[in-house]
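Here is a briefing on a two-chain model.

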Amino acid sequence: MRKVKVILLLVGVLVLASCKKEIIDKVAEFAGFQKPSNFPVPAYHFDTNPVTKEGFELGKKLFYEPRLSRNNTISCGSCHIQASAFTHHGHDVSHGIDDRLGKRNAPPIMNLAWHTSFNHDGGVFDLDMQPIVPITTFEEMDETLENVLQKLKAHPEYPKLFAKAFGSETITSARVLKALSQFMVLCISAQSRYDSVMRNEASFTAEEMQGYELFKQKCASCHREPLFSDLSFRNNGIGVSFNGDAGRYEITLNESDKYKFKVPSLRNLKYSAPYMHDGRFYTLDAVLDKYSTGMQYVQNIDPALDKGNGSYGIAISSEERVYLKAFLNTLNDEHFVKNKLLSE
Amino acid sequence: MRKFLIAAIAGPMFFASCKKEGKEPEFNQDDLAPLSIEFDNIVGGTNLYLNSTTYTNAAGEDYSISLLQYYVSNIKVYKADGTEYVVPQDSSYFLIKEGDVASGSALVHVPEGDYSRLVFTLGVDSLRSTMDVDRRTGVLDPASGMDEGMYWGWNSGYIFFKMEGLSAAAPVDGSGQHKFRYHIGGFGGYSAPTINNIKEISIDLSQAGVAKVRKERKSNIHLMVDIAKVMNGPTTLSIAANPTVMFSEFSATIAANYATMFSHDHTEN
């Protein structure tokens with residue numbers, strides 16, 4: 001009798017132990033880029049930059065590396081904070097090196113593998129070329145790529161990390177940029193409640209469902225699922241910024257692009273206030289107020305906002321607002337903002 | 001007297017031998033010889049000196065030049081019969097920098113032969129401007145020469161032509177200087193069309209000397225690049241009216257002006 005008990009106990013411990021080991025192995029296994037089943041085919045050119053564990057790890061280290069800035073004080077992560085869905089929480093415009101202020105709100109590093117242009121004006125069309133902007137911009141990191149390469153070459157660890165990721169210790173701008181891309185394309189937010197519903201793993205509450213229907217009627221033409229942006233450039237009628245920022249026009253010099261900005265995603269609004277390209281709205285209610293009652297004509301205002309009676313905006317009743325907010329809340333992805341894989 | 005005689009005889013002999021050497025070999029694309037193209041920057045009838053010399057433009061404004069550099073790419077040569085040779089693209093990008101002797105000319109390799117026309121792009125073609133970062137090496141590496149940056153990060157693309165200098169006609173800028181800045185780029189836009197300042201320059205070499213490219217020597221096409229044309233081209237430019245021109249419609253006017261600044265002076269064969 002006793003023997004049996006002892007054996008059972010032993011077997012039990014063994015089973016538990018083996019279970020634990022399996023879990024650990026699973027965590028340690030690097031999955032690379034995995035397309036969420038409810039997402040479309042990504043736009044990023046993985047053929048010229050396949051994601052590897054070593055490349056991703058190097059990219060992550062570079063993302064949090066203050067040596068990318070002139071005086072080694074600011075990293076990408078300084079203004080793209082994971083806990084704020086990789087934005088600069090609480091800052092309308094970001095402060096970079098020497099507390100210099102930029103002119104636009106820091107956009108999220110989120111689902112960029114599906115994007116075909118970057119920044120609020122879409123001036124960059126290849127994710128690999130994007131980090132050059134903050135690195136060299138006077139108000140951000142105010143550094144040269146040339147200096148960054150020199151600093152990394154002189155560093156005790158980086159040459160070895162580049163060798164692990166790319167096969168040799170040579171550090172080039174292409175390798176730095178591709179490593180950063182490998183990190184950025186893995187910043188995927190696809191584990192919100194909305195995603196679970198879309199993957200038939202959960203279902204909306206009645207309120208959320210009402211909100212979803214309203215969203216589809218009133219918002220989805222610009223904030224297209226599942227990225228919650230159609231990635232186009234539009235003027236959403238909030239009026240010209242104090243600094244006269246002409247947005248997309250600065251890239252195309254096309255008069256019809258004046259004051260247009262890239263449609264932002266609605267994912268993770270809980271973590272990413274303030275909103276709009278210049279961070280002028282600190283609360284979601286302020287945004288909804290603007291859409292429902294505060295809109296006026298601006299050059300190139302989006303036709304979708306034309307109510308046809310000389311006024312502009314989107315009619316949202318106070319009841320509808322409750323539902324909409326309930327739905328928008330399902331787009332918050334706690335896993336994304338806490339995912340250890342992406343943490344410093 | 002005797003020396004004179006020798007010189008008189010040797011002279012024609014020398015010329016004759018030159019002529020003989022000048023007999024054109026067969027065109028063979030797999031057998032290349034060096035050809036250099038020298039970009040000799042001048043202002044009107046005088047050599048260009050950075051910082052130290054003051055020039056006057058057609059608008060009557062005095063100016064000096066502190067920085068001048070431009071991309072030359074996609075070099076092609078033509079024989080009198082129309083035979084074309086296109087230098088392979090990966091070896092056909094050059095950044096000409098005033099004040100840096102090593103960056104004053106473009107060295108390429110072409111088949112042996114006599115070339116009477118040279119064609120190149122002033123700027124960087126749109127295809128290369130959108131290529132994978134792995135293909136942007138050498139002078140196209142965004143990390144090369146960034147202190148005088150020839151790459152726009154915020155509006156992905158290369159600056160084709162960059163000229164800066166001082167002029168009393170320019171208003172005081174943030175740095176307290178009367179500085180003018182012309183940074184001209186724009187490859188036509190990636191997803192939406194916009195200004196295209198890529199200029200193809202075609203130069204006839206038949207008048208001032210065809211390039212006789214031979215393996216045992218280096219033929220050098222010596223071009224004069226009259227920087228005064230940037231301001232005194234088809235459009236007369238005023239520094240006072242346009243002290244800073246970067247990515248704007250007016251950049252097309254400057255590009256049209258500088259497209260006229262190249263002339264063939266002579267060829268050293």
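Helix α9 (residues 206-218) of chain A and helix α12 (residues 318-329) of chain A pack at about 100°, and their axes are 7 Å apart. Axes here are lines fitted to C-alpha atoms, for helices over the stretch in contact, and angles run from 0 to 180 degrees between N-to-C directions. Helices (H or I, at least four residues) and strands (E, at least two) are DSSP runs, numbered from the N terminus.

**Conventions**

- Residues are numbered from 1 along each chain as its sequence is written, while chains are lettered from A and ligands numbered from 1 in the order in which they are written.
- The model is predicted: local features need pLDDT of at least 70, side-chain atom pairs count only at pLDDT 80 or more, and totals for chains, interfaces and linings use all residues.

**The α9/α12 contact in chain A**

- On the α9(A) side, the contact uses Glu207(A), Glu208(A), Gln210(A), Gly211(A), Tyr212(A), Leu214(A) and Phe215(A).
- On the α12(A) side, the partners are Glu320(A), Tyr323(A), Leu324(A), Ala326(A) and Phe327(A).
- Two residues are in contact if their C-beta atoms, placed from the backbone, lie within 7 Å.
- By class, the contact of α9(A) with α12(A) has seven nonpolar, two polar and three charged residues.
- Ala, Val, Leu, Ile, Met, Phe, Trp, Tyr, Cys and Pro count as nonpolar, Asp, Glu, Lys and Arg as charged, and the others, Gly among them, as polar.

**The α2/α7 contact in chain A**

- Helix α2 (residues 53-63) of chain A and helix α7 (residues 173-185) of chain A cross at roughly 95°, and their axes come within 7 Å.
- α2(A) and α7(A) are therefore roughly perpendicular to each other.
- From α2(A), the contact includes Phe56(A), Leu58(A), Leu62(A) and Phe63(A).
- From α7(A), the contact includes Val176(A), Ala179(A), Leu180(A) and Phe183(A).
- The residues of this contact divide into eight nonpolar, four polar and one charged.

**Chain A overall**

- Chain A has 13 helices and two strands.
- Its C-alpha atoms fill a box of roughly 85 × 60 × 35 Å, taken along the principal axes.
- Of the 344 residues of chain A, 44% count as buried.
- A residue is buried if 20 or more other C-beta atoms lie within 10 Å of its own, exposed if 12 or fewer, and partly exposed in between, with C-beta atoms placed from the backbone.
- Among contacts in chain A between residues at least 6 apart in sequence, 68% join residues at least 24 apart.

**Domains of chain A**

- The assignment gives domain 1 (53-188) and domain 2 (193-336); such bounds come from an automatic or database domain assignment.
- The centres of the two domains, taken over C-alpha atoms, are separated by 27 Å.
- Across the boundary, 22 residues of domain 1 are in contact with 24 residues of domain 2.
- The domain 1 side of that boundary has six nonpolar, 12 polar and four charged residues.

**Helix α11 of chain A**

- Val287(A), Leu288(A), Lys290(A) and Tyr291(A) are buried in α11(A).
- Seen down the axis of α11(A), its buried residues fall within an arc of 155°, so they line one face of the helix; the arc is that of the directions from the helix axis to the C-beta atoms.
- The cover over these residues includes α12 of chain A.

**Backbone features in chain A loops**

- The peptide bond from Glu225(A) to Pro226(A) is cis, with omega near -5°; Pro226(A) lies in the loop between α9 and β1 (233-234).
- A cis bond also runs from Ala273(A) to Pro274(A), with omega near 0°; Pro274(A) lies in the loop between β2 (261-262) and α11 (284-292).
- Asn111(A), a residue other than glycine, has a positive phi near 55°, and counts as buried with 23 C-beta neighbours inside 10 Å.
- Asn300(A) has a positive phi near 70°, and is partly exposed with 18 other C-beta atoms within 10 Å.

**Chain B**

- 21 residues of chain B are in contact with 24 residues of chain A.
- The chain B side divides into eight nonpolar, eight polar and five charged residues.
- Asp125(B) lies in the loop between β9 (117-122) and α2 (126-129) of chain B, and touches Ser73(B), Asn74(B) and Ile198(B), not counting residues up to four places away in sequence.

Key:
Parallel < 35°, antiparallel > 145°, perpendicular 65-115°, else oblique.
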